[in-house]
Amino acid sequence: RREIEVEIPADEVGRQTEALIQKYQKVARIPGFRRGHVPASIIRQRFSEEIKTDVVEALVPRFFRQEAERLGVHPVSQPRVTDLHVHEGEPMRFKAAFEVLPEIKLEGYKELRADHAEIVVSDEEVEQSLSDLREQHANFNPIEGRTLADGDFAQVSLDGNPKVGEGQPVHMDEVLVEIAGKTTMPEFTEHLRGANAGEERTFDVNYPEDAQDKRLAGKTFTYTVKLNALKQKSLPELNEEFVKKFGEFTTVDELQKRIREQMEFERIHEAEHAAKEKLVAQLIQRNDFEVPESMIEQQIDVRLERGLRALAAQGLTAEQMKKMDLNRLRGGQREQAIHDVKAALLLEKVAEVESVQVSDEEMNAELDSLAKQTKQTTEAIRARLTRDGGLDRIRTRIRNEKTLEFLYQQSA
C-alpha cells in the first residue's frame with residue numbers, strides 16, 4: 001500500500017472554479033434574475049459548496065493520476081483521499097492512499113516439471129462407446145400378449161409422497177422404467193414385474209442415504225404408479241445405414257476410427273489441462289507474494305458474475321438469486337480468487353521475461369470467433385471491446401495462455 005501527497009496549483013483551481021461558475025450561470029434559476037444573467041458573485045454565494053465539490057471531483061482524479069505517473073507507481077485500486085485542503089486563492093492539497101502491484105522477483109520457472117502422460121484408448125472403450133450410441137438410438141416397441149418381464153420397460157405416470165416427515169411430492173408423466181435395470185430401484189422391479197397395461201399399483205420405496213437425488217436420500221416414499229404401456233427395447237443394427245447417422249461414414253470401421261480419435265483428443269486435452277494446473281500451482285509455490293485486496297475483490301466479482309450467469313442459463317430466476325447469501329458466496333470464492341490473481345500476475349511476469357507477444361493475426365482470429373459465437377460482425381465486436389477495455393483483457397488472456405503453453409512445453 002502506498003500514500004502520496006498531491007498539490008494542485010492555485011491558478012489551476014481558479015480556472016476550474018471560473019469554468020464551473022460560468023456553467024452554473026447558464027442554468028441557474030434565481031428569483032429576480034433572467035436565466036443566464038445571474039451575476040458571478042451571486043452564483044459564488046448561492047452555490048459555494050456545490051462548486052467546491054465539483055472542483056474537487058474534476059481535479060483530484062486527474063492530478064492523482066499525473067502524480068502517480070510522475071512517481072512511477074501503478075495503482076490497482078481507487079485512491080482513498082484524506083487531508084483535503086480547499087481554500088479560495090490557495091493550492092488544493094490532499095493525500096491519496098492506494099494499493100499497488102506487488103514486486104515480484106521471478107524464480108525457478110525454468111525448473112518446473114509436469115507429467116506428459118501417454119494417452120491410450122483401448123478397443124474395449126471404443127466398443128463401449130459404439131454400444132452407447134446404439135442405446136441412444138434404440139426404439140421402444142409395444143409389447144402385446146404378455147405381461148412385463150425383466151428387461152422390458154414400463155411407460156408409467158407416477159405420484160410419490162414422503163411417508164414420514166417433510167419432503168416435496170414427486171409427480172412424473174410418461175416415464176420409462178426398466179424392469180430389473182441397473183439403475184432401477186428394487187421396489188419398482190418387484191411391484192411392476194408381471195403387470196399389464198392399464199393397471200395401477202401402490203407401494204413404498206426406501207431410498208438410501210447416498211441416493212443421487214438429495215431430495216429423496218434417506219427417505220421412504222409411497223408411490224402410486226399407473227402403467228400406460230409396455231415396451232420392449234430394440235437396438236439398431238450396427239451396419240452402414242446406422243453409421244451414416246453420424247456423418248459421412250460408409251463403414252463401421254470408419255466410425256470406430258473417428259470415435260478413437262475423438263476420445264484420444266479429449267484425453268490429451270484433459271491431461272494437458274491437469275498438467276498445466278500443476279505447473280501453475282508450482283509456480284505460485286516458488287514465487288508466493290501478498291495480493292492486493294482490491295484485486296482479490298475484483299476477481300471474486302468476476303467469478304460470482306460468471307457463476308450467476310451459469311445458474312441463470314440453467315433456469316434460476318432473479319427472485320431466487322435475491323434470496324442467495326451473497327456474503328457467504330463471496331467468502332467461498334475468496335481462496336480461488338487469490339489463486340487466480342497470483343497465477344495471472346506470475347504468468348504476465350514470465351511473459352515479460354520471455355518476450356511472449358500476441359500478434360494481430362491472433363487477436364483477429366479471436367475476434368472472428370467471438371463474432372461467430374454472438375452472430376455479430378467482427379467490426380461491431382471490436383468497437384464494443386475497444387469502448388469497454390475488453391481488447392486489453394483478451395490480449396492479456398491470450399498472452400497468458402501462450403505463456404502457460406511455453407511452460408508446459410519446456411517442462412517435458
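Student: Which residues lie nearest the centre of the second largest pocket, and how many residues line that pocket?

Tutor: Rolling a probe the size of a water molecule over the atoms shows where empty space is left. Here the second largest pocket is lined by 21 residues, and T183, M185, F188, Y207 and L216 are the ones nearest its centre (a pocket is an open set of points on a 1 Å grid over the protein atoms alone, with protein on both sides within 12 Å along at least five of seven lines, and lining residues have an atom within 4 Å of a point). This is a predicted model, in which local features need pLDDT of at least 70 and side-chain atom pairs pLDDT 80 or more, while totals for chains, interfaces and linings use all residues. Residues are numbered from 1 along each chain as its sequence is written, and side-chain values use heavy atoms, without hydrogens or water.

Student: What gives the most to that lining, and what classes of residue does the lining hold?

Tutor: Strand β6, residues 170-178, gives the most, with 6 residues (strands are DSSP runs of E, at least two residues, and helices runs of H or I, at least four). The lining of this pocket, whose volume is about 650 Å³, has 14 nonpolar, 4 polar and 3 charged residues.

Student: How does the largest pocket read, and which helices line it?

Tutor: The largest pocket has a volume of about 1,900 Å³ and a lining of 40 residues, with Q299, A344, T396, R397 and N400 nearest its centre. At least two lining residues come from each of α7 (252-286), α8 (293-313), α10 (326-354) and α13 (390-410), and the lining divides into 13 nonpolar, 9 polar and 18 charged residues.

Student: Is E352 buried or exposed?

Tutor: E352, which has its place in helix α10, counts as exposed because its relative accessibility is 53%.

Technical notes: 1 Å grid on protein atoms, 1.4 Å probe; cavity = no way out; pocket = protein on both sides within 12 Å on 5 of 7 lines; lining within 4 Å. Points joined across faces, edges and corners; volume = space filled by probe spheres on them. Nonpolar A, V, L, I, M, F, W, Y, C, P; charged D, E, K, R; others polar. Buried < 20%, exposed > 50% of the residue type's maximum accessible area, 1.4 Å probe, protein only.
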